[in-house]
Structure formats: C-alpha cells, structure tokens
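Biologist: I would like to go through the labels in this model. Please set each one against its rule.

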Amino acid sequence: MEDHKIVELYLGRDEAAIQCTCEKFGGRLRALAWGITEDWQTAEECENDTYLKAWNSIPPHEPREYLYAFLARITRHLSLDCCRRRSRLKREAFLCQLSAELEQCIPAPDDTACRLDALALAEALNGFLATLGEKKRNLFIRRYWYLDSVRALSRRFGMSENNVRTTLFRCRQSLREYLEREGIEL
C-alpha cells in the first residue's frame with residue numbers, strides 16, 4: 001500500500017493503518033531499533049511503541065510524502081531513550097564517541113552563541129549531503145543516523161575499516177567547511 005493511503009487510514013482513525021504500517025515498514029523499523037539497542041526484545045518494543053506514537057501523532061501531522069522518515073525518527077528516539085534508561089555503559093560510550101566525532105562540525109545545543117534554528121541546520125545538512133557522492137552519503141548516514149559501527153560499515157561497503165574511518169573523517173571536515181561557508185558559526 002502506498003504511503004499516502006496509509007496516512008489516510010491513520011487520519012480516518014482506522015486501525016488497519018497499524019497493520020499496513022507493520023507490513024510495509026516493520027522489518028526496517030525493527031532493524032533500526034536493533035542497530036541502536038542491540039537487543040531484539042527491546043527493538044520489538046521500540047517498533048510497537050512507534051506504532052502507538054504514530055497513531056497519537058497522526059493527526060495533527062500528515063506525513064504523506066515521508067512516512068518512513070517520520071516513523072524512523074520516532075523509532076530512533078525511542079531506541080535512544082531505551083539505551084539511556086537501561087544505562088548500557090558500553091552502548092553509551094559508543095554514543096558518546098559518535099557525538100564527539102560530530103561535535104566539531106555541528107554547534108553544541110547548550111552553547112547560546114551557537115544556537116541555530118533547527119530548520120536552518122536541517123536545510124544546511126541536507127545541502128551538504130547533496131554534495132556528497134552516493135557512497136560517501138550512505139556511509140555518513142549509516143554512521144550518524146543509523147549508528148552503524150565502523151566494522152559493520154566496512155563489511156557493508158566492502159572497504160577496510162581504516163578506509164571507512166578516513167572517509168568519515170574527511171566527510172566531517174567537509175561538513176565543517178560547508179557549514180562555515182553557509183555562515184553557520186561553529
């Protein structure tokens with residue numbers, strides 16, 4: 001079923017919307033949650049919580065053209081909340097490592113001099129991603145959105161781990177330069 005028809009089911013408060021969402025996106029949402037939590041049971045809980053949150057969020061939101069992105073954002077936030085709640089030290093260290101990698105490129109949210117409108121930053125990030133080749137863009141998104149490990153990226157893209165690290169480092173440097181050119185203070 002097409003995304004806009006699923007959204008229409010949500011808007012009509014038809015419970016079939018949840019079943020259609022599960023059939024179309026369930027595996028991808030569960031895999032996203034597992035990539036963050038590294039626990040299948042928690043991933044399933046996050047997937048189910050995503051359906052509930054989507055049910056409660058549509059309306060007022062109407063993500064007809066970007067339903068998967070809407071659901072993935074919910075799943076990602078729920079998964080990260082689970083990690084924080086369960087105090088997974090190893091996973092938290094991993095999340096801190098990823099944050100440290102990007103903090104040199106993106107302004108810190110608690111630095112009042114660097115506060116940016118979320119929409120402006122999102123537009124700048126989308127603009128930057130559009131400048132990257134497909135492979136680099138996919139590496140960047142898999143690392144910083146899906147939180148894939150360097151080892152997993154190495155296997156997925158057929159690259160050495162050093163090559164993945166170097167490519168990501170160069171992408172972060174390019175992002176920093178791009179944001180500076182766009183007038184975004186770091």
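Biologist: Which residues do ring pairs link into a cluster?

Modeller: Phe-128, Phe-140, Tyr-144 and Tyr-178. Rings of Phe, Tyr and Trp (its six-membered ring) pair if their centres lie within 6.5 Å. By this rule there are six aromatic pairs. The model is predicted: local features need pLDDT of at least 70, side-chain atom pairs count only at pLDDT 80 or more, and totals for chains, interfaces and linings use all residues. Residues are numbered from 1 along each chain as its sequence is written, and side-chain values use heavy atoms, leaving out hydrogens and water.

Biologist: Why is the pair of Phe-25 and Tyr-68 called tilted?

Modeller: Planes under 30 degrees apart count as stacked, over 60 as edge-to-face and the rest as tilted. The planes of Phe-25 and Tyr-68 are at 35 degrees, so the pair is tilted. Their ring centres are 5.6 Å apart.

Biologist: What parts does the pair tie together?

Modeller: Phe-25 lies in helix 2 and Tyr-68 in helix 4, so the pair ties together parts that are 43 residues apart in sequence. Helices here are DSSP runs (H or I, at least four residues), numbered from the N terminus.

Biologist: Are Phe-25 and Tyr-68 buried or exposed?

Modeller: Both are buried, meaning under 20% relative accessible area with a 1.4 Å probe, protein chains only (exposed is over 50%, partly exposed in between).

Biologist: What sits over the ring of Trp-55?

Modeller: The charged end of Arg-13, 4.1 Å from the ring centre. The rule asks for NZ of Lys or CZ of Arg within 6 Å of the centre and within 35 degrees of the ring normal. Arg-142 lies over the face of Tyr-146, at 4.2 Å from the ring centre.

Conventions. Helix = DSSP H or I, 4+ residues; strand = E, 2+ residues; numbered from the N terminus.
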